[in-house]
Amino acid sequence: MTSLIPQINIVNTKTVNHYNEKIKKFEVGGEPEKTFELTNMPTSNILAQFVKKLQAVNPVDITKPLERFEWKNDLKDLMKENKVVVWAMIPRTFNAKDKDRNDLIQDGEEKGTFLNAIERLDELVALGVNTIHVLPIHPPGESKAMGLSGSVYSPLDMLKIDPELRDPSNPRNVKEQFKMFIDECHKRGLHVMLDLPSCASYDMYKRNPKLMAYERNGNAKTPQGWQDIRMFEPWADETKRTLNPYLLKLHKDFIDMCIDLKVDGIRADVARAKPTEFWDIIIPYAQSKDPKFAWLAETYTYEDASPQLNMMYDRPKDMLRSGFDSYYGQYHIFNEWTKAHELIDYVVENLQMTQEKDMPAGKSLIGSFATHDDISPMFHGGVDYCNLTTGLQATLPMTNPYFVDGFQSGDEYLYKYENLKADDQKHEDRKHDVHRGKLDLFNHSRKPAGRHPEIGEFMKSVMAMRKQYEDIITKGSFIPLETDENADDQIIAYARHYKGRTILVIANRDVNKREKGLVRVPGLNKGFVLKNLAPKYGENSYFQVGQDGVVSVDMGKARFHMFEVDTPNIEQSGLKVYKQKL
Amino acid sequence: MNLIDLTLQKTYVKPINPSPVKQSDEKLAPIATTSLKKPHRPERSHLVKDPFYMAPVNFVTDIYENIVNIKKGMMGKSNDHDLGRINDFAMKAGALGLAGYLFTRAKTPMAKTMELFGFGSFFASMALWPKLFIETPLKAMYGINIHQKYIDHEGRKKMFFQDPQYVPWDLYTSDELAKLGDKLGIPQNIHNRNEVIKRKAQKIALQGNTLWMLTAGFATPLGCSLICDFAGRKFISPLLDNLKMKKAESNLQNIEKIVENAFSKYDPKKLNGLLDLYKDREIDAKIFNMIVQNLLHDDDILGSKAIESQLQNIVSANKDSATVEYVDKFLKFIKDNACNAEDFKILEDSKSVIKNFAGENVNPRKFNMQVKYFLMQNDIDDLTILEFEELVNKFKSQKTNTNVMKLTPDAIYNIKQLDRGLFEFATRKSVLDKYKQTYLGDVAESIAANKWNSITSTFFKTLNVSSEELKKAKLDGLASYDILLDKIQKLVANDEAYKKAVSKIQEEILSFDSLIMPDAANGAPQGVKAKIIDGYTKLLEEQAEKFNKLGFNKITERLLGDTTEQGSLKANLLDQTRRRVDELRNGFYKILHVLDCFKRADDVKKGWDNSKFAQLYRNLSGGHANIPVNPTMRTLEKDLAQFKKIVLSATIADYTTKFGYRNPQFPLYDRMMKLIYSTDFDDATVAALADKQLGGTTFMAAFKKKINDTLSNLGNFVYPHADKVTTRNVVGSVGDILVRDSLAGPRIDEVFRETASNISNSAKWLKMFGGGFVALVGITLLAETFFGRLPFAEVYKRKDKN
């Protein structure tokens, strides 16, 4: 790493002050000065010693611009082909080092930064991840902030990067450090998707009235339940359907920043906060700069499952039509669906949606079984449940697997400091806000990790298995299979077929008990030996292939199984076959 | 200050004033989106625009959906919305169950009907109140349907404004929104007009729904009671009457079918079991009584005595056979006991023929019948035949060696025949009894009872009783008399009002008469009375003949009695019917009579010489001992007070005791009765009653007859051994109690008080409920005029605020 410390000769106080001003600018992520032309030597001994130290420790030549890794973005194509495996992380906690094990990163402990995040990239690659979803990186607002650090979704300035994410041992500014991180990701084949916040912090609202939404009585519009943020106003006049040019400009500037950073795509937080027309400008704008720039919408279902005051309706299809490549969908309520057919019906609904006339090809979902807005899947059924959802994500059609940092070891996201008052003077009237069971967005917290590394091991194997059967899984048809003697409807059974090859997925969605039943697999010969391609976990399961393709199953709790079977004509067997429009 | 602001104020973090940021002076123009992708509405989502007449269809489909939701809920497939809707169904089902239970407990058809109608009207009131008084006025005032429904993209029907955090405004096109804004009075030229439109519409919807919640608890029961009251009086009661009459007529027409159906279901298991058990065995009194009980068919009208007697004949007679020895004994008995043995000489002469009728296994009863027919065939006169029957009975009643009761096969056969005959009789009679009860029954909701209520109400209304007087009349018997007296006197003083009152009452009476009285002369259809009388006559005669043919003469006797029919069932039934009709009509006519009496008495004010009443009084005063020869106005006025008192409040006891007139005052009693029961009606009465359309002279004649009959039968009010009334030499007897009751008619002051009580209660509740409802409607409509007000500043947001 080249040193960023300039070769300077400080001659007088005026120059010292000038230097100090420049250091300050570095700290807030401003553009670095390209050169320093100071020829006189410092007269102060202390200052000279300081400069000497800097030169000795960090012989970085920050006069040279950062060399970027040559990278060709293809995230949009990958998303279209359902080949993306996403890992969501918060930079300030990703590789934080909690020495005293109090879950909180305090003075003396190493926070998560862009540079120390690089240490974990190989871990993600090993897990089969190829895309990182970086949660917002902007400095949070201070006023009305939640937690001690403020929510990552409460930006002070969307065009700035949080200086807390800078590694002080490296002289480069935070933006350059982010670029370094991105390059390291690219070197490993990891794409980077940056989060675009949907709202402003209170401070940002105060500073930028032209961007903000107001009630007619002059009060700022606040999304219900989120008192630390304020709504942007996408409309100049909603009746006339004219857009707010200031907000558009801000978003364009954000995209410019992303392009400069070489970010591969954007995950739009609460995409419904802006209308179709807005995205119909922004997304093409991004793609004019980078045609493979990918877009992921946080949008769930047409009938707003979680209506909020001051928040617009959720319209997934409109989001996809206006340019988003993928969206969240409803997998996060998989634990609330009580029957297996509800999952199947949902998948079918999405596949049918892709076939609609005005729907462009290649739209997909992410495997949003657990996002940062959901409680840890460990609460829904422990390790077995985590593995079950991993398996399903890996094999469902039009689904790009998605995981949140901490999932790989079963982090329950329980923090010891939960809701405790701050004990430092600076934050004396605040407390450590936390959403119990969810990844902490409001504090500098420990690196997400649990006590079940076997989840990560399973994930590794399954992602490898997915890779091996990539064609079938990403392009194949989806054939729900009939089940019998399954009164509780807990057996998930479907086949994926592509060019004569078939994989069979049978899973038990019940995390509390074993499940027996029959699965009809047309064309499967009696006595066919089913070999589970997914690693074993939990209780044993038993399968027996009988006459006419009837498979007797006796599965352990929340067990997932995948088999390759010899049924080349399964699509002609009379069962309903669904395909994604690719 | 809204909830969010209050929440914000509670935050523990004090806002830090951020350092000001130099804002760019650049002014950017809003960006048009005409060519950009617009949001789409999924095909299935749309507003529901059902017209009013679809409400019943929607009611039914909603119930169907609720049932489907229950099924889904039980299978674990429901969501919150579905489960919430089950509540609607549960409420309806529960209410229906309650109504059904109360239906089974109600005694009369009207009460039963109102239980179910009440159930329906409760839900109708619940549905109509918001529709008529909240939704419709708000739509008229503001152009917004606060109960607008929509179909979501999964085909579920939901309320548009149900969730303030999710109002699917994208179902409105921009044109529709603009129109709505015009109706809401939102100015055209304000910034972001749609926002204001939505805000105001949601505000009105919220206020409307809040008002609905506030008022529904009052409006639903008030509305329900008013609907029930109105519908009950105007529609349900007449409808039920019509239905009852139709059913009664239909049953009468189809009596054969009814009997056929009854027989198809008739299975006398108990009787047959008893007979089988004791077949060919002798029976004692206990078994005998059991058989009798089984033959009664819950209708003891025949009396168990006739059946016992007949049964005795059956079970006893068969011990003897009509053997040759029997024949000899029989003929000897006849010869020895006949009044004139010569009358029965033919039997001796034709002994060989007679003996042919006999045999070892011949039933003596059969033998007796054959002998009887033999006599009839040989032209023996009726009297002799009758004597023969008496002799046969005497012969049978003689103690024989074999006077034991036994259930021989013949006896069993005859008992079964008797049973069938009695069952048929009971079935046919029950149809007629029900018919009679429907029209004439002394029970609530019979046609006669309803007619009585109607006439008394009409009479009451003609008196124009104020609400204050009504209250007094209801509570105090003395006060009610005074009020009645006062009102009648006022009524008769006004000729027009009097004529109207008389005409109305006449109309009521005619409607009853036209239903009950016609006797099919001149091709007119038979009235109820004639149908009942003819029906009973035909029934009894036919059945008597049937019983007679089967040899059940005891039963025949009971049905028809002897040639005079005295004491027979036939005489009983016919007499009851006639007396009941008379009783009813006497009551109706009494009201007219009372009015006429007062009208006649009213002309006393014309003076001693000009008054007709005074003239009558003078005429009735001469020629009697103990009556002053020269009656004066003073005596007239004194008698007038008594006259009015008798007319209004005489009881049966008063009639019986001659209103206190003791010997030697009976002539005074006589005069009073003639004053009261004079058929020289007042001119106004005659003019009113003579209206051709209301029966004219026929009615008048009937009315006169009633008065005359009463006058004629006054003697029947006299106790035994009392003095005779000079008009007729009749000594009354206890047996005439029924006659006098029907002639006297009801006590008018009591009728007035009861009617006052009923009307007062109805008026009180109507005032309370009706008044309450009207007040509620007024408040509701008034409140609605204040809906949707937005502060000026909210509407007119400054464009350059930022």
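Author: Lys221(A) sits in the loop between α8 (202-207) and β5 (229-231) of chain A. Helices (H or I, at least four residues) and strands (E, at least two) are DSSP runs, numbered from the N terminus.

Reader: What should I know about the model and the numbering?
Author: This is a predicted model: local features need pLDDT of at least 70, side-chain atom pairs count only at pLDDT 80 or more, and totals for chains, interfaces and linings use all residues. Residues are numbered from 1 along each chain as its sequence is written, chains are lettered from A and ligands numbered from 1 in the order in which they are written, and side-chain values use heavy atoms, with hydrogens and water left out.

Reader: Is Lys221(A) buried or exposed, and why?
Author: Lys221(A) counts as buried because its relative accessibility is 16%. Buried means under 20% relative accessible area, exposed over 50%, partly exposed in between (1.4 Å probe, protein chains only).

Reader: What is Lys221(A) in contact with?
Author: Leaving aside neighbours within four places in sequence, Lys221(A) is in contact with Ala213(A), Tyr214(A), Glu215(A), Arg230(A), Met231(A), Asn310(A) and Glu195(B). Contact means heavy atoms within 4.5 Å.

Reader: And which side chain does Lys221(A) join in a polar contact?
Author: That of Glu195(B), at 3.2 Å. A polar contact is a pair of N or O atoms within 3.5 Å; within protein, one must be able to donate a hydrogen and the other to accept it, and residues adjacent in sequence count only if both atoms are side-chain atoms.

Reader: What forms a salt bridge with Glu195(B)?
Author: Arg216(A) does, with the closest N and O atoms 3.1 Å apart. The rule is a side-chain nitrogen of Lys or Arg within 4 Å of a carboxyl oxygen of Asp or Glu.

Reader: How many salt bridges between chain B and chain A?
Author: Six. There are also 24 residue pairs in polar contact across that interface, both residues at pLDDT 80 or more.

Reader: Switching to chain A. How many helices and strands?
Author: Chain A has 15 helices and 20 strands. Of its 582 residues, 63% are buried.
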